[in-house]
Amino acid sequence: MTPTGLLSTALLLGLYVLLAGGYGLVYTLARLERWRNLKSVAGVFFVLHCAIAVLIVVSSALAPGWKLLLVASSVAIFVIPPLTWRYLEHIHGGEGTQ
Amino acid sequence: MRFDDPAFWRAGAISTIIVMLFVLAMLTYDSLAAIAPGGSHVPPYSVVNRHIDYVFDAGRGIDVPVIGKAEPLFGKVLDNAAAGAIMDKGKLVIQSRACMDCHTFYGNGAYYAPDLTKAWLDPDWEAWQAITGAPTKEEAMVMFLVDPEKYATWTRKMPNMHLSQEEARAVVAYLKWTAAVDTNGFPPNFGHVHADR
Amino acid sequence: MYRSQTLAVKYLAAAIGLFGVMTIAGLLSAYYYIDPDFLFGLLHFNIAKILHIDTLVIWLLMGFMGAIYWFLPEELGREPVGIWLAEILFYVFCAAVAVVAVVFIVVQYGGSNEFALWFINQGRKYVEAPRWAALGVVAVMVVFGYNVIGTVLATRKLTGIIAVLMVDLIPLVALYLDAFPAMTNMSQDLFWWWWLVHLWVEATWEVLIGCIMAFTLMQLLGTSRRIVETWLYIEVALVLGTGILGLGHHYFWIGTPNYWLGIGGFFSALEPLPLLGMVVHAVYDAGTHHMKTANRPALYWMMAEAFGNFLGGGVWGFMITLPQINLYAHGTQWTVSHGHFAFWGAYGCGVIAVAYLVAQKVRALPEVGGALWKWSFAALNLGLIGMVGALLVSGMTQSFVERAIGGSTLQAFIAGQQDPWFVSGMLLRFIFGVIFALGYAILVYDLATLGKRGVVLAAPAKAVP
């Protein structure tokens with residue numbers, strides 16, 4: 001890995017998780033406030049997260065196995081907020097949408 | 001069991017933990033053998049009687065320690081018992097002086113002072129030998145450790161930790177052995193300056 | 001108020017006090033980077049650092065114990081068994097901490113012999129305290145365990161949270177036994193040392209703070225027991241499912257076989273996923289209550305916990321966890337950046353939340369608010385984030401200059417430390433550390449004077465018809 005590659009890859013990895021967190025945060029806010037616009041913003045965060053994932057896959061010096069792990073994690077990241085929301089609603093008896 | 005039943009998740013937590021702990025136990029058993037002196041990654045203490053080098057291994061893509069010809073430390077060959085004793089002493093010095101609260105070993109410790117993993121192989125010791133007028137590298141290292149403020153390298157000085165000659169020699173022996181441990185290439189590029197910025 | 005709860009208040013007060021010692025020692029440690037000749041010959045970086053990291057461990061442990069001693073009698077409906085023993089040991093604990101600190105400062109180190117390890121300094125990070133004191137910590141924790149388990153046996157009552165806590169106490173105490181040995185082989189020493197450090201802060205402590213947050217949520221937001229228990233089990237499964245083998249991310253470079261690169265990297269890369277779920281959960285809880293609660297600081301500090309944990313542990317950790325990156329970042333200020341953020345987010349914020357909750361209950365305040373807690377919240381978090389950002393800059397510089405380019409030698413180390421970006425980062429870290437310290441001072445004043453300041457804390461909710 002080149003010196004600049006080291007820094008850029010690490011920053012991209014951090015951004016990858018940060019954008020995942022942004023997606024989770026905005027998705028939950030969107031469901032709480034029932035704002036369709038906010039749901040689009042959540043979508044934007046996830047698209048940006050995917051863009052970072054693609055950038056890492058295409059440009060970084062990581063081995064294929066790690067890139068595959070990142071792609072699989074992105075799938076999990078996509079699913080976690082809606083799944084968590086549904087489960088929370090279920091056990092709280094629908095508090096969030098009242 | 002249903003997803004909204006806490007008992008379902010309790011069972012999940014218990015089984016997950018049991019599986020993970022079992023795997024950890026298996027890997028621990030294997031790793032402990034590898035890291036024992038004489039194991040696959042850690043040389044026996046008697047390696048202090050040999051020349052240590054650090055060479056690029058194309059297959060692994062990293063630098064690896066290479067144990068070379070005879071090179072007694074302080075001009076004296078140590079048998080296994082003596083080597084073990086000097087290592088015991090060296091580690092006791094390192095702990096008693098809390099070296100790892102300024103320095104690091106294998107990157108573990110504090111980051112105020114340099115990493116000591118490959119300190120034995122540091123190119124600076126050649127110059128150090130000249131400065132101190134010591135007959136060998138190890139004697140130069142001892143002179144530094146006993147009187148560090150006399151040989152300040154830069155603005156951040158090492159304080160005098162009041163090491164005896166015996167303690168300083170033990171530390172140097174410890175550092176020679178540490179340099180021979182296979183650390184999967186840590187620290188990276190040791191001794192090679194990268195041309196690309 | 002139960003005797004256990006009186007003891008809880010003492011533990012939390014001691015915890016907050018030690019938090020202050022940690023902060024001062026931290027400022028001192030940071031200052032050496034700016035002025036390396038400061039106190040040279042009298043007190044050096046290693047002692048300041050020992051005080052900083054050891055008080056970190058102890059203040060958090062005391063905070064956890066205070067929280068449990070507070071919630072335990074209410075949870076089980078009686079005074080904990082053997083509480084008199086815990087009351088005595090509290091003072092012994094505090095005295096021991098004081099003696100150890102004084103010996104660190106005045107004596108600093110001994111000779112290379114067993115006496116030094118038993119009575120002065122063991123020189124192993126986080127557990128430098130001499131063996132006599134480590135025995136004391138074991139005694140305190142064993143009695144703590146006795147208080148919990150003995151009470152469960154006496155009441156024949158076992159809730160889900162208490163069951164998780166009880167099981168967690170076993171590794172919590174057992175792992176601490178690594179504070180005693182002095183193994184010659186550094187690889188072996190570090191192998192077991194990481195069982196203690198990682199399986200404390202990324203496993204047993206996570207479960208412990210999970211139990212504490214479960215109790216806190218029930219009291220703060222009125223969340224049902226069934227819900228918090230369900231979440232506790234899910235969290236335990238996910239955090240330990242990733243964290244137990246995530247231990248491997250400390251086994252990349254210590255002389256262990258290279259299969260740890262794959263295993264450790266894989267499991268620790270999964271560790272942010274449960275934290276994402278935690279963020280969703282925290283926002284849900286806050287949102288469904290519209291951030292309204294009788295104790296706003298406690299709620300805000302719990303939110304800070306969820307976000308801090310995600311950012312400090314998840315984002316910052318993910319940057320440096322893959323072995324290809326870690327090879328360059330390991331043992332640099334990048335690690336320090338991650339460590340400060342993660343400890344703060346995962347544990348510091350949680351203990352402060354509990355301190356506010358307990359303060360409210362002890363002073364029987366209908367509501368907790370005002371302006372002071374906001375200033376403290378802002379200054380502490382701004383200070384922390386500022387330090388973390390500054391350390392990130394220094395750490396990235398160090399990884400780049402010393403490791404990637406310089407060849408990791410002594411000269412490369414010096415070049416990294418003298419790089420203008422590195423130096424600026426360390427200066428900024430100190431400045432933000434001062435802001436953090438100011439936030440701490442306000443926190444102490446606020447906690448000490450809550451309900452005693454004669455200020456109307458909340459306007460009446462309803463108008464008189």
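**One residue and its chain**

A: In this predicted model, C:Leu27 is in contact with C:Gly433, C:Val434 and C:Ala437, once its neighbours within four places in sequence are left aside. C:Leu27 itself belongs to helix 1 of chain C, which covers residues 3-34. Because 16 C-beta neighbours are found inside 10 Å, C:Leu27 counts as partly exposed. As for C:Lys361, 334 residues apart from C:Leu27 along the chain, the C-alpha atoms of the two are separated by 33 Å.

Turning to the partners of chain C, the contact with chain A takes 31 residues from chain C and 32 residues from chain A. On the chain C side, at least two residues each are supplied by helix 8 (225-246), helix 9 (259-270), helix 10 (272-288), helix 11 (296-321), helix 12 (323-329) and helix 14 (372-405), and the largest share, 11 residues, comes from helix 10. By class, the side of chain C that touches chain A divides into 23 nonpolar, eight polar and no charged residues.

The contact between chain C and chain B takes 69 residues from each of these chains. Among the elements of chain C that give two or more residues to the side touching chain B are helix 2 (45-76), helix 7 (186-221), helix 13 (333-362) and helix 15 (410-418), while helix 8 of chain C gives the most, with 11 residues. The side of chain C that touches chain B has 33 nonpolar, 29 polar and seven charged residues.

Terms used:
Residues are numbered from 1 along each chain as its sequence is written. Chains are lettered from A and ligands numbered from 1 in the order in which they are written. This is a predicted model: local features need pLDDT of at least 70, side-chain atom pairs count only at pLDDT 80 or more; totals for chains, interfaces and linings use all residues. Helices (H or I, at least four residues) and strands (E, at least two) are DSSP runs, numbered from the N terminus. A residue is buried if 20 or more other C-beta atoms lie within 10 Å of its own, exposed if 12 or fewer, and partly exposed in between; C-beta atoms are placed from the backbone. Two residues are in contact if their C-beta atoms, placed from the backbone, lie within 7 Å. Ala, Val, Leu, Ile, Met, Phe, Trp, Tyr, Cys and Pro count as nonpolar, Asp, Glu, Lys and Arg as charged, and the others, Gly among them, as polar.
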